[in-house]
Amino acid sequence: MEDKKILNDEELEKATGGCDVCQIALKVINGDLGTGEEQKRRLRAAGYDFYEVRNAVNRILAWQKRHPDSSPDCYLKIAL
């Protein structure tokens with residue numbers, strides 16, 4: 001199993017430039033933004049509403065559970 005790389009603050013700023021909430025939610029799901037309070041801090045520092053992102057994460061995960069063979073592109077269309 002491949003270790004996930006947590007983005008540092010500079011990489012986060014680059015990675016989130018111009019991203020919508022759904023794309024950020026996919027980064028959260030992938031573990032790119034850390035976990036817990038660190039994740040909240042980093043999302044807020046990047047200008048995102050933690051609860052809006054969390055809602056998108058929950059919707060994506062619910063969709064993924066119901067449609068396990070769907071591609072991530074589909075999730076971006078249904079998350080908000």
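Asp 49 counts as partly exposed, with a relative accessibility of 42%. The model is a predicted one. Asp 49 sits in the loop that joins H3 to H4. Its C-alpha atom is 8.9 Å from that of Val 21, although the two residues are 28 apart along the chain.

**Overall build**

The protein has five helices and zero strands. Read from the N terminus, the order of elements is α-α-α-α-α. Of the 80 residues in the protein, 34% are buried. The exposed surface comes to about 5,400 Å². Carbon and sulfur atoms supply 50% of that surface.

**The nonpolar core**

The largest nonpolar core holds 13 residues. Which of them touch the most other members? They are Ile 24, Val 28, Leu 43 and Val 53. Two helices, H2 (21-29) and H4 (50-66), each supply at least two residues of this core.

Setting aside residues up to four places away in sequence, Val 28 touches Leu 33, Gln 39, Leu 43, Val 53, Arg 54 and Val 57. Leu 43 and Val 53 are also among the core residues that touch the most other members.

**Helix against helix**

Two packed helices are described by the angle between their axes and the distance between the axes.

| Helix pair | Axis distance | Axis angle |
|---|---|---|
| H2 and H4 | within 8 Å | roughly 70° |
| H3 and H4 | 9 Å | about 115° |

Start with H2 and H4. Their axes cross at roughly 70°, so the two helices are roughly perpendicular to each other. On the H2 side, the contact is made by Val 21, Cys 22, Ile 24, Ala 25, Leu 26, Val 28 and Ile 29. H4 brings Glu 52, Val 53, Arg 54, Ala 56, Val 57, Ile 60 and Leu 61. By class, this contact of H2 with H4 has 12 nonpolar residues, two charged ones and no polar ones.

Now take H3 and H4. These helices pack at an angle of about 115°, which makes H3 roughly perpendicular to H4. H3 contributes Gln 39, Lys 40, Leu 43 and Arg 44 to the contact. H4 contributes Phe 50, Tyr 51, Val 53 and Arg 54. The contact of H3 with H4 divides into four nonpolar, one polar and three charged residues.

Val 53 and Arg 54 of H4 take part in the contact with H2. Val 53 and Arg 54 also take part in the contact with H3.

**Inside H3**

Helix H3 covers residues 36-45. Which of its residues are buried? Gln 39, Lys 40, Arg 42 and Leu 43 are.

Gln 39 lies in helix H3. Is Gln 39 buried or exposed? Its relative accessible area is 6%, under the 20% cut-off, so Gln 39 is buried. Leaving aside neighbours within four places in sequence, Gln 39 is in contact with Val 28, Leu 33, Gly 34, Phe 50 and Arg 54.

Not counting residues up to four places away in sequence, Lys 40 touches Phe 50 and Tyr 51. Computed along the sequence, Lys 40 and Val 53 are 13 residues apart. Their C-alpha atoms are 9.8 Å apart in space.

Just after H3 comes Gly 47, which takes a positive phi of about 90°.

Key:
Residues are numbered from 1 along each chain as its sequence is written. This is a predicted model: local features need pLDDT of at least 70, side-chain atom pairs count only at pLDDT 80 or more; totals for chains, interfaces and linings use all residues. Side-chain values use heavy atoms; hydrogens and water are left out. A nonpolar core is a set of buried Ala, Val, Leu, Ile, Met, Phe, Trp, Tyr and Cys residues joined through side-chain atoms within 4.5 Å. Buried means under 20% relative accessible area, exposed over 50%, partly exposed in between (1.4 Å probe, protein chains only). Helices (H or I, at least four residues) and strands (E, at least two) are DSSP runs, numbered from the N terminus. Contact means heavy atoms within 4.5 Å. Accessible areas come from the Shrake-Rupley method with a 1.4 Å probe; for residues, only the protein chains shown count as cover. Axes are lines fitted to C-alpha atoms, for helices over the stretch in contact, and angles run from 0 to 180 degrees between N-to-C directions. Angles under 35 degrees count as roughly parallel, over 145 as roughly antiparallel, 65 to 115 as roughly perpendicular and the rest as oblique. Ala, Val, Leu, Ile, Met, Phe, Trp, Tyr, Cys and Pro count as nonpolar, Asp, Glu, Lys and Arg as charged, and the others, Gly among them, as polar.
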